[in-house]
Amino acid sequence: MAVRFRWGLATTAALALVAILTLAPQWRSLEGMGARRAVVLARPPAEILVGVSWPFSIRRDGMAEGLRLAQDEINQGGLAGGIPVRLVLRDDQGVWAEARRIALDFADTPAMSAVIGYDDIRLALRAAPIFEKSRLLYLLPAVGNPDPGEASSRYAIRTAPSLSSFARALAVAAGRPGESLRFALIWDEDGPGKELATQFLIAQSGMGGNRVFQWPYLTGRADFRASAYRLREIEADLIVIAGPSPDLVDFLRKADGAGLIAPILVIAEPSDALWAQMGTAAWRRAIFPQIYDVAAMTSENRAFVDKFRARFGKDPDAAAAQGYDTLRLLAEAVRTTGSAEPLDLIFALRQSPAWAGAVGEYRFDRQGEVRDRIVRLVPGEVSVTSSRLAPAPASP
């Protein structure tokens, strides 16, 4: 009996030790992780370690490809002052539990200088305090990322427009001052669409626009048939809808069935998946926001597109371009400072002169938000029935 008792204690102790080791990153102080990072990264860097948290298996976009292309160029060309960049790509699956685990793992890696993520603003907002407290630079390459005032942003750099600035840019692209654009707003009340709709409304109202219809709904629980038939009775120059992809597809189908003729601004990135689900007729009437133009004739974009096509056999999407530019920007900050310390890199990025990338020109304000990003509206098909919302001409 005594032998069994001692074996039971040993087993219990072993299991407890495994649990402690497994959960240690969550139990350690985030501030302590930051202090260790400061000590480790104060030494001359042998490499720049960069973590990436992205829903690779869900999105299946070009983010990983853009990052890999940039990494190879940086390391082969010595673009970070001869210091190599090493990526740690992790799939957060768009789920907070997994994203949190990855964020804690990155925070508890003292040699890591920066993190690139997230595709979902809600994950970015929840992960921000982890990186702030652990003194880890986090770069946000997704359009509609958290605004500077929504979370502490001492360690944040937004390489794509924040949610509010994106919504304001959309309003400017949709109509010019004095046009009195008549617009309808539909948004997911329990998601990022609420803030997008609010900021679009404020900006358009300031330009003389007139809201003629609004309808908030709960994600996955909307009867879009009713709203589509209601909109058929309202004279609107533009219908704006913001929400998750399944809801967008459902609304576009219902709008097509109701015979709506007004163009529909879909606040989402056009994709083959959306095309397959919504059908040709609905796609033809849809308009999409675009911050990256694969056909832009700048020397930086042409070089990027040519290299991307040669390596992957296809055109890059917006995620590929954003990932590529974001890592190249970080490498430029490393080259300028010769440092891997996050605050040194943040200062260099925020104070640096304009930098030209595939997406366009990058300049940052004191809060780390990219400035003057232009948003274009492009039709799902070649032409749009409304001349007011015709696509912008191709870049010279």
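Between which helix and which strand is the loop that holds Asp108 found?

## Asp108 and the basis of the model

Asp108 lies in the loop between helix H5 (96-107) and S3; helices (H or I, at least four residues) and strands (E, at least two) are DSSP runs, numbered from the N terminus. The model is predicted, so local features need pLDDT of at least 70 and side-chain atom pairs count only at pLDDT 80 or more, whereas totals for chains, interfaces and linings use all residues. Residues are numbered from 1 along each chain as its sequence is written, and side-chain values use heavy atoms, with hydrogens and water left out.

With a relative accessible area of 16%, Asp108 is buried (under 20% relative accessible area, with exposed over 50% and partly exposed in between; 1.4 Å probe, protein chains only). Asp108 and Leu136 are 28 residues apart in sequence, and their C-alpha atoms are 9.9 Å apart in space.

## Packing of H4 and H14

Helix H4 (residues 63-77) packs with helix H14 (residues 318-337) at an angle of about 30 degrees, the axes being 7 Å apart. Axes are lines fitted to C-alpha atoms, for helices over the stretch in contact, and angles run from 0 to 180 degrees between N-to-C directions. On the H4 side the contact (heavy atoms within 4.5 Å) includes Met63, Leu67, Ala70 and Ile74, and on the H14 side it includes Ala320, Gly323, Leu327 and Ala331.

## Nonpolar cores

The largest nonpolar core has 70 residues, and Phe131, Phe304 and Leu327 have the most contacts inside it. A core of this kind is a set of buried Ala, Val, Leu, Ile, Met, Phe, Trp, Tyr and Cys residues joined through side-chain atoms within 4.5 Å. Leaving aside neighbours within four places in sequence, Leu327 is in contact with Val50, Leu67, Ala70, Gln71, Ile74, Val85, Leu87 and Ile116.

## Helix H15

The buried residues of helix H15 (residues 342-351) are Pro342, Leu345, Ile346, Ala348, Leu349 and Arg350. Among the elements that cover them are helix H2 (30-41), strand S3 (112-116), strand S4 (137-140) and H14. At the start of H15, a side-chain oxygen of Glu341 comes to within 2.7 Å of the backbone nitrogen of Leu343.

## Ser165

Ser165 belongs to helix H7 (residues 163-174) and is buried, with a relative accessible area of 17%. Not counting residues up to four places away in sequence, Ser165 touches Asp147 and Glu369.

Notes
Polar contact = N/O pair within 3.5 Å; in protein donor to acceptor, adjacent residues only side chain to side chain.
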